[in-house]
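Thanks for taking a look at this one with me. My notes follow the model below, point by point.

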Amino acid sequence: MSVATPPTSPPVSGGRAPVQRSLGARVLARPEIGATAAAIAIFVFFFAVAPPFRSVEALSTVLYSASTIGIVALGVALLMIGGEFDLSSGVAVTTAALASAMISFQLSLNVWVGAAVSLAIALAIGFLNGWLLVRTRLPSFLITLSTFFVLQGVNLGVTKLVTGTVATDNISDMDGFASARAFFAGDVPLGFMTVKMSVLWWLVPCQATFGR
């Protein structure tokens, strides 16, 4: 009597063969594609429905508005790439600007001195956030949220204490203001259009950081 032997199954491979995706699928999988597509869609919409938006002057205005946000967004983007976040970045900009104006006016200093002090203050705020993050091991969201509320109170309280109001005095007639304004917010003629210096302060670091 013969015994039937069961059929042998083919050997199972130790790993799965990699799935080859098309170029379009790889492009759509990149996270920046969604934001780029949305920006293009918004631009096309306003270009179609708003004739003044098609002018070179409007493009210059859009670039200036984008640069004031983009300069801060560049640092926030680097943090997010590293897995962290900073909620205090916007109010820290206000803190640095208030410090620059009040130090220059109250102490009768050159505006460049106030700008240097405000840079030091901004760096100190960033260092404090990083130091607290390392020492406490708390999420960066909680630490920078606390810094956000603290800086909001400091901005209002110190400004009211020093100036008597919640605004700083005008420093446009002080030494160094004209050169500082030209360096940070002056006009840059490009021939076919004129853009603000802040656009270069935004695009050049972006190209150096993400253009590689």
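1. Helices are DSSP runs (H or I, at least four residues), numbered from the N terminus. This is a predicted model, in which local features need pLDDT of at least 70, side-chain atom pairs count only at pLDDT 80 or more, and totals for chains, interfaces and linings use all residues. Residues are numbered from 1 along each chain as its sequence is written, and side-chain values use heavy atoms, with hydrogens and water left out.

2. G70 is also one of the buried residues of α3, along with A58, S60, S67, L74 and V76 (buried: under 20% relative accessible area, 1.4 Å probe, protein chains only). After α3 comes G83, with a positive phi near 85°.

3. Helix α6 (residues 140-163) has 24 residues, which at 1.5 Å a residue should span 34 Å; its end C-alpha atoms are 33 Å apart, in agreement. The expected span is 1.5 Å times one less than the number of residues.

4. Buried in α6 are S140, I143, T144, T147, L151, N155 and T159. Their cover includes α4 (89-106) and α5 (111-136). Just after α6, G164 has a positive phi of about 85°.

How values were computed. Buried < 20%, exposed > 50% of the residue type's maximum accessible area, 1.4 Å probe, protein only. Helix = DSSP H or I, 4+ residues; strand = E, 2+ residues; numbered from the N terminus. Contact = heavy atoms within 4.5 Å.
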